[in-house]
Amino acid sequence: MKIATTQRIYIQKLFKNMNSKEDFIFLLNEAKKTFYGDKIIPFEERQLNYYVNKNVVIYKNEKLFISKKEGNVEKSFYNTFLIKKKSGGDRIIFSPVKGLKELQKALNIIIQCVHQPHPAATGFVFEKSIVDNAKVHVGQYFVCNLDLENFFPSVDQSRIWGRLLIEPFNLNNTPERKKIANMIASLVCTNMQVERLINKKWTKIFTSVLPQGAPTSPTITNAICEKLDKKMAGVAKRFGLNYTRYADDITFSGKHNSYEISPNNFERIFTKNSSFDKEIRKIISLQNFKINEPKYRLQKDIFRQEVTGLVVNTKVNVTQRYTKTLRQWLYYWETYGYDKAYGMFVEKYFLDKGHFKKGHPNMAMVISGKLLYLKMVKGDNDGTYLKLKDRFDKLFNLNDSISLILDTWEKEGIEKAMLSYYSALNKKNDKEINKNNFTNA
C-alpha cells in the first residue's frame, strides 16, 4: 500500500503530539482513512477498551483456543487454522476477528509512518518489495539462507512496550504516553504457549506474544529487529558480504567461500563454527531469536539460487514452475471451459496451499493476482507477462476492466480490487442477460 508523503507527515505529527486515550483514538481514525477514505465507521473508546483487555489461552479437546473470558462467556479474538509448511509439518495462523483486525490495520499504518526500518529490512516496508530483497543477491557465487524459528512468537509483549518507549516512538515522555504504549503492545499481542530459554534449558511457558497472522506483527518486528539488522549488516560488511532480511528470512551472499586471497587460505566463511558463523549465531541469540537449523542452506552459483522464492542467479526472476502453473490453468480454461477448469484448479490449489481461508478460491482472482506478481518481478513490458495477460484478458472478457483491477490491487490493496472485480463481473452478467432477453424476444 502506498501512502502520500503529506499523509505520513500528518500521522507522524499526530503521534508526536498524542498525550491521551482520546488523542490515540483520533489518530487511529485518521490512519483508518488512508485505506477506507473519509467515509469510515470511526473507532470508539469502548471498542478500544474491549480489545485492549488481556486474552487468555484455554484448551478444548487438545486444540488451542485464544479467548477473552467474560464470566461464563468466551469471546474469541483470533480464528486459528493450520497451513502446511513447504518443509513439512503445520503452521498455526492466528487471524484476528474483524474488529481487532481493523484496529491493527490502522496501527500498522501508524507504525510504518513513524518508524523507518534499517535499510537491510525489505519486508513490509513502504516502497520496498520481495524484488528489492532479491536484487541485492543477484550474480553472487554463494547465497546463504537462514530462517528464524517461531519468529513472531519470539517477541514478548513487554519487549514491544519497551521498544515503544524509545526513539522514534518516544512514548515515555509522560505517564499518559506510557499508557498508550501499553495499549498498543496489548492490541498487537495475544497469549499462547511458547518456548523460552530458562536456566539454559528450553521450557514451555504461557505468555503474551506477537501472533503469526496479525497485520501488525511484521511491522512491529521491523522495529524490534533494528539492532539485529544493524549488527548483522556490520558483520556482513566486514566479511565482504551482502545482507538482507525479509521478516524471518535472512540472506547473506558474496563472491567468495572458495579460496580467500590465496589458495593457502582455506577458511570457508559460511562453514559451521567459522568466525563468521559464530558471530551471527551470537547476535541472533542475544536478540532472543533462534535459527531454524533444517532451513539453513548454502546455494552455489552452479545450481539454482533462490531468495524468498525468487531466482537470483543472473537476474531476479520467478521459478519455471510459477509460469508453468499459470500456463496450465489458462490452458485448462481455454480447452475445457471455466467450470471444468475450476475443478482442476481447486484440486491443485488445495494441494499447494493445504487450506482455504474462507469459502472457495476464485480462480480468476487468483490468476490475476499471480499475473500482478509476475508483472512486479519481470516488469510490465516483459514478453512472458504480456502473452499470459493477453490470454487471460480474452478468457475473462473484461479487457480494460481487468487492467483497472490489477492496477487497483497494486495501488490500493486486494479489498478494493475485489470490489472492482465484482463490479466488472456484474456488468458482464447484465450484458449477457440483456443479450439473451433480446434473442428470446
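In this predicted model, the buried residues of helix α9 are L228, D229, M232, V235 and A236. Around the helix axis they cover an arc of only 135 degrees, which means that they sit on the same side of α9. The other side of α9 carries exposed residues, namely K227, K230, K237 and R238.

After α9 comes G240, a residue with a positive phi near 70 degrees.

Two packed helices are described by the angle between their axes and the distance between the axes. For α6 and α7, the axes come within 9 Å and cross at roughly 140 degrees. Angles over 145 degrees would count as roughly antiparallel, and α6 and α7 are therefore oblique to each other. The crossing in which α6 passes α7 is right-handed. On the α6 side, the contact is made by Q157, I160, W161 and L164. These meet K178, A181, N182, I184, A185 and S186 of α7.

The loop that links this pair, between α6 (157-164) and α7 (175-187), holds P168. A cis peptide bond joins P168 to E167, with omega about 0 degrees. N170 lies in the loop between α6 and α7 as well, and its phi is positive, near 55 degrees, in a residue other than glycine. Most residues other than glycine have a negative phi, and most peptide bonds are trans. It is thus worth a look at both sites when browsing this loop. With a relative accessible area of 28%, N170 is partly exposed.

How is phi set at F124, a residue other than glycine? F124 also has a positive value, near 60 degrees. This residue is found in another loop, the one between α4 (98-114) and α5 (130-135). F124 is partly exposed, its relative accessible area being 41%.

Note on methods
Residues numbered from 1 in each chain as written. Predicted model: local features only at pLDDT ≥ 70, side-chain atom pairs only at ≥ 80, totals over all residues. Heavy atoms only, no water. Helix = DSSP H or I, 4+ residues; strand = E, 2+ residues; numbered from the N terminus. Buried < 20%, exposed > 50% of the residue type's maximum accessible area, 1.4 Å probe, protein only. Arc of directions from axis to C-beta. Axes fitted to C-alpha atoms, helices over the stretch in contact; angles between N-to-C directions. Parallel < 35°, antiparallel > 145°, perpendicular 65-115°, else oblique. Left-handed = near helix turned anticlockwise from the far one by under 90°. Contact = heavy atoms within 4.5 Å.
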